[in-house]
Amino acid sequence: MFVDTHAHLDDGQFPDIEAVLTAAHDAGVTRVVNIGYGPKRWRSTIELAQRYPDIAFTLGLHPSEANQFTPDISDELGRLLTAEPAVGIGEAGIDLFHDGPALEQQQTAFDFQIQLALERGLPLVIHQRAAEREVYDQLAAADPSLRVILHSFDASQTMLDLAVDRGWFIGVGGLMSRPSASAVRAVLADAPLERLILETD
């Protein structure tokens, strides 16, 4: 049995969801976690899980959406997490690879979701691109009881050591197959196998 821990089935590139789920099931994937990464995706993510019992979901604010973070948005996210059976929060974090919201905006939205995950007792799905130090600093400062999934792990031994020390999970997917990812593969060779989880993204 396999679980795809990070998918975006409601993004539009999958016109036939049933065919995708059938193909996944035939390959041994019995559960898919769909990531509701922003306000425009929260409702479609919830509705997808309501239609298909093999789909679970998270809700959060992707760093590229951090400029949408307002009191109204934070209230809406909290309300949905109370009303709906989300299995996690996110994806959240910091992305300095793409042009996007200012770092301070991303950090504010990230910190809110860290606190929300702690309050709700839900794991936090982390997105990190070209911002390992910034993400590390906020996660290292968080309460050690915070549960974390490092989505599409792309970091150094320093981040891996923190993850192993705190019992976090490490997501691996297509990034690991790229020739340019040899350094990350070398780091992951030290990761406990039971901490690695699979994702298609």
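His6 is buried, its relative accessible area being 0%, where buried denotes under 20% relative accessible area, exposed over 50% and partly exposed the range in between (1.4 Å probe, protein chains only). The structure is a predicted model, in which local features need pLDDT of at least 70 and side-chain atom pairs count only at pLDDT 80 or more, whereas totals for chains, interfaces and linings use all residues. Residues are numbered from 1 along each chain as its sequence is written, and side-chain values use heavy atoms, with hydrogens and water left out.

His6 is placed in strand S1 (residues 2-7); helices (H or I, at least four residues) and strands (E, at least two) are DSSP runs, numbered from the N terminus. When neighbours within four places in sequence are left aside, His6 is in contact (heavy atoms within 4.5 Å) with Val33, Ile35, Glu91, Val125, His151, Glu199, Thr200 and Asp201.

Helix H4 comprises 18 residues (residues 103-120), which at 1.5 Å a residue should span 26 Å, in agreement with the 25 Å that separates its end C-alpha atoms; the expected span is taken as 1.5 Å times one less than the number of residues. Within H4, the residues Gln106, Ala109, Phe110, Gln113, Ile114, Leu116 and Ala117 are buried. Seen down the axis of H4, these buried residues fall within an arc of 165°, so they line one face of the helix, the arc being that of the directions from the helix axis to the C-beta atoms. Glu104 and Glu119, on the other side of H4, are exposed. The packing partners of the buried residues of H4 are helix H3 (71-83), strand S4 (88-95), strand S5 (124-129) and helix H5 (132-141). After H4 comes Gly121, which has a positive phi, near 70°.

Phe110, which lies in helix H4, is buried with a relative accessible area of 1%. Residues up to four places away in sequence not being counted, Phe110 touches Ala92, Gly93, Ile94, Leu124, Ile126, Val135, Gln138 and Leu139. The C-alpha atoms of Phe110 and Gly174, which are 64 residues apart along the chain, are separated by 25 Å.

In helix H3, Ile73 counts as buried at 18% relative accessibility. Apart from its neighbours within four places in sequence, Ile73 is in contact with Pro39, Trp42 and Gln68. Ile73 and Gly38 stand 35 residues apart in sequence, with a C-alpha to C-alpha distance of 9.6 Å.
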